[in-house]
Amino acid sequence: MDLVQKTRDFVQTQFFQSAFLQSDPRQQNYRWQHTLRVAAIGSKIARVEGLDEQALVIACLLHDVSYREDLSSLPGGWQEHGRRAAAIAREFLADSGLPEAAREEICYGIAIHVDDKADFAGEATVLARSVSDCDNIDRFGPWRIHETLVWRDFLSMSPEEQLAFVRRQVQGLEGLQVDFATRTAGRMFCEQLQFQLEYYRRLARQLESGIW
């Protein structure tokens, strides 16, 4: 079995045998599907940019593995999930056969993907920074629109509340500035961002026409 498949199987087992995630099947399924999408994005970026595809895909597969646990028990809560995932990844990769430098680069990328901070020394290489890029590209995809509207109980709002909410979304997206490790990641993110902006702008216009 190759290392990418082994990593995929490991993460799938961590999510679907997690007692914590089993209590919330929707979160369990989302976390797994998100992981696979992020890995697919990593594969594409690595091929275009000439990065180590195996290493980036493995990092992407492991980047959220800490969600197998109740992160609220950590001092920093969910914001610690990158550093916690890096610790899990380091243990998993110990007997992977990868050179130590490659293992550390993967773990560092995982550790910093939330807030650019790690709890161990490392270098923010292009590959390491690309883990966060891949995560952000997926998080700003079409699924996030659906997830946001459901989470905010959009359909229960009054038309005026809906319009105000949508306008805030547009304003936030218009002011968003993110730096990327590669041109490919930047282009992919901009495509996602423009899709979201166009959706919310059209929704705002539709809501405006229904409010007199």
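Here is a short tour, from the whole chain down to a single side chain.

This is a predicted model, where local features need pLDDT of at least 70, side-chain atom pairs count only at pLDDT 80 or more, and totals for chains, interfaces and linings use all residues. Residues are numbered from 1 along each chain as its sequence is written, and side-chain values use heavy atoms, with hydrogens and water left out.

The protein has ten helices and zero strands (DSSP runs: H or I of at least four residues for helices, E of at least two for strands, numbered from the N terminus). The C-alpha trace spans about 65 × 40 × 30 Å along its principal axes. Of the 212 residues, 46% are buried, meaning under 20% relative accessible area with a 1.4 Å probe, protein chains only. Contacts are heavy atoms within 4.5 Å; among those between residues at least 6 apart in sequence, 62% join residues at least 24 apart.

Now for serine 96, which sits in the loop between α5 (81–93) and α6 (100–112). Serine 96 counts as buried because its relative accessibility is 19%. Leaving out residues up to four places away in sequence, serine 96 touches Leu3 and Arg103. Its side chain also makes these polar contacts (pairs of N or O atoms within 3.5 Å; within protein, one must be able to donate a hydrogen and the other to accept it, and residues adjacent in sequence count only if both atoms are side-chain atoms):

| Serine 96 side chain to | Distance |
|---|---|
| backbone oxygen of leucine 93 | 2.7 Å |
| backbone nitrogen of leucine 98 | 3.2 Å |

Terms used
Buried < 20%, exposed > 50% of the residue type's maximum accessible area, 1.4 Å probe, protein only.
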